[in-house]
Each structure stands twice: as C-alpha cells, then as structure tokens.
Amino acid sequence: MGQIMGGYHARSVDLNSDDNPTFDPQAGFQYERKQREMIAKEEDLISARIPNKYRDYCAHYLLDYQVCRYKEMPLLYRCAHEKHNYLNCEQQDYVLRMKEFERERRLRVRENRISATA
Amino acid sequence: MCFNSFFFLFFFMLINFFFFVYFIMNGLSVFFEWEIISFNSMSIVMSILLDWMSLLFMMFVSLISSVVIFYSKSYMNSELNLNRLIILVLMFVFSMVLLIISPNLISILLGWDGLGLISYCLVIYYQNLKSYNAGMLTALSNRIGDVMILMVICWIMNYGSWNYIFYFDFMKNDYVMFIISFMIIIAAMTKSAQIPFSSWLPAAMAAPTPVSALVHSSTLVTAGVYLLIRFNYLLIDMFFFKVLLFLSILTMFMSGISANYEFDLKKIIALSTLSQLGLMMSILSLGFPDIAFFHLLTHAMFKALLFMCAGVIIHMMNDIQDIRYMGGLSLYIPLTSLCLNISNLSLCGIPFLSGFYSKDLILEMVSFNSFNLMVFILFYLSTGLTVFYTFRLIMYVMISDFNLMMIYNLYDEDYIMLNSMFVLLFMSLLSGSFLSWFIFFYPYMIYLPFNLKLMVIYVSILGSILGFMVSNMGIYSLNKLLLSYNLSSFLCLMWFMPNLSTYGLSYIYLNFSQILFKNIDMGWSEIYSGKGIFNILKNYSVFYNIYQMNNFKIYLFSFILWFMILFIFFFI
Amino acid sequence: MAQIPLGVKTHAQKVCSLYKRALRNLEAYYDRRHVYRYQAVLLRERFDKHAKETNMIKANELLKEGEEELFLKQHPIPKYFATSPGGVAHERVVTPPDWVLDYWHPLEKAQYPEYFKKREQRKKEFVAMWEKEYGKPDEKDKHH
C-alpha cells in the first residue's frame, strides 16, 4: 500500500518502479561509490540449485540458511539466526533500492526545475 | 469397520509424514511411470508424482479423514447402515489421494470425477427432500468442472502430453494455451465454489456433519485450489488469472457478508469456508502458490475441528442447527467450547495460533506488493467480516443467556468425539508454526510501516466489537437498520445468486418447453400421428363396415343397378 | 385422522392462524426470550384492539391487511424445528412400508421363518377384524 502512495508520488516525473537509474551514479556524492559485488560464488549458487530470482546480492546468507536447514532438519526452528541474517540483509537491500528510487526522483525533479528556469 | 479404517488411515498418515520429512530434507521428487501400451510412436503410461507437496497434502487428508471416521463412530451410532457411510468415505479418500499424486490430467480426471460423484452420494445420504435438492445442486455444479477438464484433455493433446510438469509460461502467447488456461480455471472455480458456482456449498450442508467436516472443509473444495497450484507455472501471467482474482475477491467478500445474516450453524461455517477459499484463490491468482498451499493446510485443520464441534452441539440439541435456539453453552460443555473457541480464533487470525501464520502472511504480502486499492480494501474488509461473523457465532452459541432449549441433553463427555477433536486441536495449534518453517524454502521479506503491519489487528478488533454489538440484541436501533427486510434478505440469501443460477438459468427454458409440450407433443402431433390416425382408421372402418355387413342388400342393389344399365344400353 | 377437514375456514380460525404465524415470525426476529416476550405482548395488544369488531366487512379488511403486513415482514430464514416440515432433519430416516415385505424372494423369506409365519397370522387377523367392523366387500367392487 505504501508502494502505491510512493509510486503515485513519482508519477509526476514519469518514474515507474521498474525503471533503471538514468543519472551518473557518482553525482552529488562526496565519497567514492563502489559497484555492489556478489559475495556468493557462481558455482555455489548453481550447485545449490537456487532459483534465478533469489540469486541477488544477499545470496550468501541464503546459502548459509539452506546449509543450516539441511543440517538441522526436522528441527528447523534452530535456523532462526540464519533466517534472521538473511531477512536483515534483504531488508537493507530493499531500503537501498528505496533510497535509489527516491534519489532518481529528486534528481529528475531538480532537472525539471533547472530546465524550467533556463 | 470404523476402527479398522481409522487405524489404517492413521498409519498411512504416519508413513506419509516420515516420507515427507525425508523428501523435503533431500529435495527429492519421485516420478513413477508404468507403461501400459507402447505402440509405434504412441505410448500410454500411468504415472505417479511424489514430491513434498503431494506427501504433505496426503498426510493432512489422511489425518483428517482418520479422525473423522473415528468421530463418526460415535456421532452416527444411531445409523443402521454406518458401514455404507464408512465405505463411501474411504472411496472418497481414495479418489482424493488419486487426485493428489497424479501428474497427468487423465488420472486427475478420475480422481476429480470420483470426488464429485462420491460427494453427491454423501450429500444425499439422509433421504429427505432438502438432501436430494442439495445433492442435485452439488452434482450438477461439479459436473460443469468435469466437462471443462475433459475439454482440456482434448485441447492439451495438441502439445503432446497430459502432464502439467512439462508446461511453463513461455507458451502463453499461444491461442490454444489461452483456451486451456481458461478451462482449467473454470474447472477449479466450480470445484472450489467461486462466484458463478458458489451456490452448492451452503446447500451441501444437508450432508451428515462428519462428512461435512471431511469433504466440505478440507478436501473436496480444496481440490480446485490444488489443481491451480499444480498448474501454476503454466497459468501465471495469463489474463484469466486477473478474472480469477476479481471473482475470488468477490466470493470472499460476499460470503463474509452472508455469514453475518445466516442463522443455521452449519451454513455459517460453510460460508466461512467459502470465504477462506476465496482468500486462497485470490492469493494464488496474485502469484504466490506456496502461500495458498500453506493456507489450504492450516485452514483444513481448524475448519474440520470447527465442523466437529458444531456436530457435538447439534447432537446435543437433538438435530437442531439454528443458532437462535442456542445460548450460553460454554458453561455446560467446557471441552467442546474450548475446541470451538480455539478453532474460531485460529480462523480469525489471532496471533500465534495456526491460522495467524497463513492469514497474516497473506495480508502482509498483499500490503507489501503494490496491488490495486480495491484488492487491498476488500482483503482487509473480508478479514474484518471474518472476525465479525466469528464473534457473532461465539456470542450466539456460547456467551449469551442460556436459551433453555435442551437442559438434560448437555452431554460433553463423549470420549470418542472428544478424542478425535483433541487430535485436531493439537494439530490446529501447532501446524501453523510447524508448516511455516517447512514449506518456505526461501523466506519472504516483508518491510511494512508500523500501522500497516498492525492493520490486521485493527480490523480484527473492529470486527469483534461490531460482532459483539450486533448479536447482543440490546441495541435495537442498530439492529433495526441491519435487519431491515430488503437489505437483510438480499444479503443473507447470498445476493440471490443461488436463485439466479438455478431458477434464472433454467426457468425460461422450462417455460418454453412447457409451451412446446402442450402445443406440439400433446397437440398437433397427436392429430397427425397418434390419436388422429387412430380416429381416421376408426371412422373409415366404421364406414366400410356398412358395406361388409350389408352384403345381401348390396348384392340386390348391384343386381338392380346392372339391370338398369343393360336396360338403358339395349333399349336406347 | 378422525375427521376430514371441511375446506372452509371460519373467520376466527383465520385470525388465529394469522396470529400464530405472526408470533412465529416475531420469534425469528427476536431470539432472546425476554425481548420476544415484550414484542409478543405488543402484538397481542394490536390484535386485542380489534377483537370485538362486529362489522364483518371491516374485520375482513383488517385480516387482509394483516396478511399483507405479515408477508412483507416475514423473516428470510424462519425458525423451524428440526423434525417438522421445513426443518433440517425432516424425514431423515425413511422406514420402508410394510407391504414391501410381501415382495421378498422366498429364499430371503426362508431366512426368517418365524417372523413370516407370525406375519401371515397377523394378516389373517387383520382381515377378520376389518370384515367384522365393515362387513364383507361387495362382488362388484372386486373387478373393474
């Protein structure tokens, strides 16, 4: 529901949820931003047969969770720690994407404001 | 017979449980194939697919059916022909198991048809007029689904295989696949009683209560949802999933409203089943088949328990099912009211009971992903309505003043019925958390604002307050508004949809056929073929009889005639 | 039953029937007994106001209006007892009629010899009792 409100707020600059960022990643930052890197290795993901949509930047925590699941089955409540780590990582990734979206929207608004006054 | 089948099914459940844990641990999925005929390039095989989903579902089905058979030993002990009922229930479980484990549409059809037919036999078990009508309604509605699956079998021959495991959504642009998905969805809708076909489920409450606990709460009506979960990879992103979303949300909403105005205990529980089925179908059509499966399983547990508690209450009141005759029973049947309360609260989604895990997860997924505003509103409204009619039911049956219908019959300590309910109670408390660890291999991350997360609690509290107020009968001005005749009869008769789909569809044709019958069958075709020819022949034979009988007169007359002719001929 | 109903109802019977149906309708709406009792007393007062009406035209009009009001205000889900017509458990167990036993195959009848001997005896006694009360049947009634 909050996504609907946030998305609606961004319609005025023609920005949808699946759009890619169009501005320079370094613009406006004092420090140097690095590209995010995958910590989990490709062959680990392939051998664990994790579906494609879960092979994101938090996949190393997912691999730990799957290993713990296999070891602790059927007493799966013992994997709560690994699950909590994975969900935390996912939440921070989500917050990061929210911030990227908001940055994109603000840069577009700024560009509109600059081109309107110019 | 009862105890034998109970032990057999319980043992079957234990086997399934061990295999389920083993399969899920190793990620195994076993596919048996027996070749029946193999000729040139055509081969007919019989196959069985055992993966964790089918084993888990079979475990739940066999647990509920074993408990129900044990329960019906005591519930139906006045029944002379109990063996018939047990055999029918066993055949039902067999066709359900056949449906669960088969990957191809032909054996799914065998199980599906078996389910429909045997549920008809079970609904008409008591031989009164209501049961016959209800049985006709059930059988005909399910028949539409059977026809749809038959047509899917024909169409899917185009692609070479009847198995669903070979089809994924890369085929969605094909026109034939479009038709196939449409028919599969219609078939699942008839079995799971979504909006155009929802009239059979409240009517099928004419069946005996243990049968309702097994059939109409957990197995027959979830067969449609199970079919769609299995076909999910094929059907996702098809247009009709959006139609299914619309219809299932409407079903959820409509049955929630109707349950608030209904006064028959089993019909209220049937409408609550309908509402939860709408919930399962809608979360399935939003693209989350595993959450739908989770809710299917937890719902089976507490709904079967709810039906069994209702059975104890009905048994006590000497077959009265109307909640207006009941009141204040919680003081007198403490154990049954314990089970009733826990299953009702689990249905509402009270935190940490089993229904909470599935229902809350569904609502959080709806809030987290960006869907339509209408979808959001109707989901939460239906959740509030669920709490509303649940609290109304508890108020009427348990908490209000004692209504003095049956004083001497308040017998709670029937240990056979209680033991079977306790098994389900145990499972209903624990299965939520147990399953939520097992089923989700990849956990869902949900990140919601605080108030949205608590929205479920707000809606539940609001629903419970309203339920308390409405059933209290102390606030007459509010009740007069809610009970005004036109509004209440519209809302409690399920928006007149049963009437539309039974009288509305057939009345015009019956009228026309009566006109045809009177005018053609009994009118003109009688003149030209039946009575008419008879009359003609009769009149002619009467006429010719004169000539046969008056032989001498005719002979003399012909003599005179020839005489006159010869006279004229010779003398002129 | 003892007497066959006449088919014509007196005005008093119609009014009593209307009153009873109206009371049952109230019971469907107000299910707590004390509330129902209050409403039933109010209804009785409405009926009692016109109880001593001697003008039959006015009385018939009142009856018609009462029927109309009852029809408009009937409860969509009336309260029936379970084993009465319209209820849920009506005619749940149907016992087969007695003449069905006459159609059994002789081999099946041989499984219960004592019962069927007694049954023949009972049939003879029944025919004797009937003929004692109503006389022998006419010859004309036997063959059509």
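Begin by selecting Cys154(B), which counts as exposed because its relative accessibility is 56%; here buried means under 20% relative accessible area, exposed over 50%, and partly exposed in between, with a 1.4 Å probe and protein chains only. The model is predicted, so local features need pLDDT of at least 70 and side-chain atom pairs count only at pLDDT 80 or more, while totals for chains, interfaces and linings use all residues. Residues are numbered from 1 along each chain as its sequence is written, chains are lettered from A and ligands numbered from 1 in the order in which they are written, and side-chain values use heavy atoms, with hydrogens and water left out.

Next, select Cys2(B), which is buried, with a relative accessible area of 5%. The closest cysteine sulfur belongs to Cys121(B), and at 19 Å it is too far from the sulfur of Cys2(B) for a bond, a disulfide being a pair of cysteine sulfur atoms within 2.5 Å.

Now move to chain A and display Cys58(A) with Cys89(A), which form a disulfide with their sulfur atoms 2.1 Å apart. This pair links distant parts of the chain, since Cys58(A) sits in the loop between helix 2 (42–47) and helix 3 (59–72) and Cys89(A) in helix 4 (residues 80–117), 31 residues apart; helices are DSSP runs of H or I with at least four residues, numbered from the N terminus. The link is left-handed, with -90° about the S-S bond, and Cys58(A) is buried at a relative accessible area of 1%.

Select Cys68(A) and Cys79(A) for another disulfide, S to S 2.1 Å. Cys68(A) lies in helix 3 of chain A and Cys79(A) in the loop between helix 3 and helix 4, so the pair ties together parts that are 11 residues apart in sequence. Counting bonded cysteines along chain A, the disulfides follow the pattern 1-4, 2-3.

Staying in helix 4 of chain A, select Arg97(A) and Asp93(A), which lie 4 residues apart, about one turn of the helix. They form a salt bridge whose closest N and O atoms are 3.1 Å apart, the term meaning a side-chain nitrogen of Lys or Arg within 4 Å of a carboxyl oxygen of Asp or Glu. Asp93(A) is buried at 8%, whereas Arg97(A) is partly exposed at 46%.

In chain B, select Lys453(B) and Glu364(B), a salt bridge with closest N and O atoms 2.8 Å apart. Lys453(B) lies in helix 17 (residues 450–453) and Glu364(B) in helix 14 (residues 354–368), so the pair ties together parts that are 89 residues apart in sequence.

In chain C, show Glu27(C) and Lys79(C), which form a salt bridge at 3.9 Å between the closest N and O atoms and are both buried.

Finally, colour by chain and look at the contact between chains B and A, which takes 22 residues from chain B and 27 residues from chain A, contact meaning heavy atoms within 4.5 Å. The count of salt bridges between these two chains is 0. Of the 2 pairs of chains in contact, chains B and C share the most contacts, while chains A and C do not touch, their nearest C-alpha atoms being 39 Å apart.

How values were computed:
Helices (H or I, at least four residues) and strands (E, at least two) are DSSP runs, numbered from the N terminus.
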